Protein chains: 2
Amino acid sequence: MKNHRGKRTLLFPSAPHIASAASIVSKTEAQGPLGQLFDMVLEDDTWGEDSFEKAECRMFEEVVRMALAKMQRTPADLDCLFGGDLLNQIITANYAARQLNTPFLGLYGACSTMAESLLLGSVLVDGGFAGRVACVASSHFSTAERQYRYPLEMGTTEPETSQRTVTGSGCVIVTEAPSPDDVFHKIRIRAGTIGRVVDLGITDAANMGAAMAPAACDTIVTHLKDLERQVSYYDLIITGDLGRFGSEMLFSLCKDRGVDLSGRHIDCGCMIFHPEQNFHCGGSGCGCSAVTLAANLLDKVESGGVQRMLFLATGALLSPSATMQGESIPGIAHAVVLERED
Amino acid sequence: MKNHRGKRTLLFPSAPHIASAASIVSKTEAQGPLGQLFDMVLEDDTWGEDSFEKAECRMFEEVVRMALAKMQRTPADLDCLFGGDLLNQIITANYAARQLNTPFLGLYGACSTMAESLLLGSVLVDGGFAGRVACVASSHFSTAERQYRYPLEMGTTEPETSQRTVTGSGCVIVTEAPSPDDVFHKIRIRAGTIGRVVDLGITDAANMGAAMAPAACDTIVTHLKDLERQVSYYDLIITGDLGRFGSEMLFSLCKDRGVDLSGRHIDCGCMIFHPEQNFHCGGSGCGCSAVTLAANLLDKVESGGVQRMLFLATGALLSPSATMQGESIPGIAHAVVLERED
């Protein structure tokens, strides 16, 4: 166990390299604060396909092709694709993987998928099992609403704690060594922490932030303990899609455990929409952290604005059939450490 | 990429060790040819719970505890749990992982899950990222039928190509080094091959064997090519749940590619039920290969009856919403190499 530390943290001594990334979103996300940064914006969230599901699948496929094209590569150059989405049987990822024709390992981690895929991608690269992997997560407002909540045609209103599922696919390419064709040259993945399923008994499907915050707290506290680090080691601690309410809850839960996140924490769910877009607590969905990482956060590390970043994606393991049977909504959060190498 | 060979095959030079395994099934599986070998048989497939889903979740949880107890361990001794099932949002695995309170990475590979979890578990152990991992897959006839096909109350009849979803959970514990308390002492995992999503256009949800056979063929052919091996290197090539029709199709597809499986291939779906149980083409579901491996196949290697085994689990990536939108059913197959060490 030479690369295992403490309870749940893995070290990547070879420091796998982030070579490229890409993001595709819909118009709604493009109207948010990060609007100029996304690689592609869909004018129409069906993208001319005859269902939202087919549109999401095409987004997943295209974002992988795009991230690879930026570094003069194609899907045939991938040793493995790790990915997932929010749909039953992860159909987005499965059908996209069919089109991409790459070795594929399907994941289900709800909105924690971007960190889960980066963690496993780094394990494969660091262990010498792969030289180039794609890590992908995707979500789509219209496919998620009708599967998890209500048919869009009902026009239901949302409570104050709700978040809007991001329509977006994000892909990050992890490689064993830098190449001149890469988009990024200085971002290394040095460690990761595996999440644990944590459940404080939230049963409200319109309050995902509260379901995920305890898991995020658990992973942050465990990570710091495993590596004997203080919060101050990191310039930024990112969470995926806790939203405004969930972020406050995380802050308070961490404080109770002696960890003060003041001035170090930002949440992708709070970054992606303007408050005046009226999406209540912010963005959610596994595309939220995926596109924010791909379009914005990686640049912060590459440019040197941030030297060390702890990136967590947080998943609410919501299932309509489980909640209908009276179950609460558990959460999970995985984390990876991104560091700038000069 | 020191541990990568050919297109999709990974080598595990440290040869992670299979330390223990356990299986839980329902009465129907216990009435099959392997009936005496399972660790636990449920008298009632609700196991006294108030839903089939809750019963399946308890099976998943208990099978992990059981496999660990056999080697004098508890869930607290696990560095990671890899698992999945057939239900939307893999609720079986998620809720069981909550109860087990272990580091957890959720997978979705349909019936390929047992091989996917063993492959990733071996990667973690071989890379020094974990010392002891649990690899688990689960399915339940009654939860799967109502999610994927028809309500049980309808009493629909099945066509000749259909297979019966196995009610069963299987767990295999992979460790970095043998210990005297282990159940198995001689089984090593030496390599694995990552699957690719393959789709020959099957659209019949009652013919899963045909949807999976092309993927199994693709993985077997790629594996042999990557490692420059002949079929004769293996005493046995196992597939997960192709069933009788799918197995014939695999035989024929492999023959077309110059690979003759005669006398070397068996399928867990054909092993688990007696023909007189009238389940048409045999067993299916990710529990099928999981419990057959845990209860029977590992013993074959441990006892020396089989020296080298290629274990494939084959998944039909069936989704009711995708098939309703006119999509065909793609398949995927992952493989691991189990060898006896004297």
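**Figure 1. The interface of chain B and chain A.** Buried area is the accessible area, with a 1.4 Å probe, that two parts lose on being put together, summed over both. In this predicted model, the area buried between chain B and chain A is about 5100 Å². Carbon and sulfur atoms give 58% of that area. The contact involves 65 residues of chain B and 65 residues of chain A.

**Figure 2. Polar links between chain B and chain A.** Four salt bridges are found across this interface. One joins the side chains of Arg98(A) and Glu327(B), at 3.3 Å from N to O. Polar contacts link 36 residue pairs across the interface of chain B and chain A, both residues at pLDDT 80 or more. On the side of chain B that touches chain A, helix α4 (residues 113-126) of chain B gives the most, with six residues. By class, that side of chain B has 32 nonpolar, 19 polar and 14 charged residues.

**Figure 3. The largest nonpolar core.** This core has 249 residues. Those with the most contacts inside it include Val64(A), Met114(A) and Phe311(A) from chain A, and Val64(B), Leu118(B) and Phe311(B) from chain B. Helix α6 (residues 208-226) of chain B gives the most to the core, with eleven residues. In soluble globular proteins, nonpolar side chains tend to be buried together.

**Figure 4. Around Leu118(A).** Leu118(A) is also among the core residues with the most contacts. Leaving out residues up to four places away in sequence, Leu118(A) touches Cys135(A), Val172(A), Val174(A), Ile189(A), Leu293(A), Phe311(A) and Val336(A). Of these, Phe311(A) is itself listed among the core residues with the most contacts.

Figure 5. Thr92(A) sits in helix α3 (residues 91-100) of chain A. Thr92(A) counts as buried because its relative accessibility is 1%, and the cut-off is under 20%. Its side chain makes a polar contact with the side chain of Asp85(A), at 3.2 Å. Beyond four places in sequence, Thr92(A) touches Glu56(A), Cys57(A), Phe60(A), Asp85(A), Leu87(A) and Ser138(A).

**Figure 6. Two loop residues with positive phi.** Most residues other than glycine have a negative phi. Ala15(A) has a positive value, near 50°. Ala15(A) lies in the loop between β2 (9-11) and β3 (17-26) of chain A. With a relative accessible area of 3%, Ala15(A) is buried. For Trp47(A), phi is also positive and near 50°. Trp47(A) belongs to the loop between β4 (40-42) and α2 (52-69) of chain A. At 17% relative accessibility, Trp47(A) is buried too.

How values were computed: Residues numbered from 1 in each chain as written. Chains lettered and ligands numbered in written order. Predicted model: local features only at pLDDT ≥ 70, side-chain atom pairs only at ≥ 80, totals over all residues. Heavy atoms only, no water. Contact = heavy atoms within 4.5 Å. Polar contact = N/O pair within 3.5 Å; in protein donor to acceptor, adjacent residues only side chain to side chain. Helix = DSSP H or I, 4+ residues; strand = E, 2+ residues; numbered from the N terminus. Nonpolar A, V, L, I, M, F, W, Y, C, P; charged D, E, K, R; others polar. Core = buried A, V, L, I, M, F, W, Y, C linked by side-chain atoms within 4.5 Å. Buried < 20%, exposed > 50% of the residue type's maximum accessible area, 1.4 Å probe, protein only.
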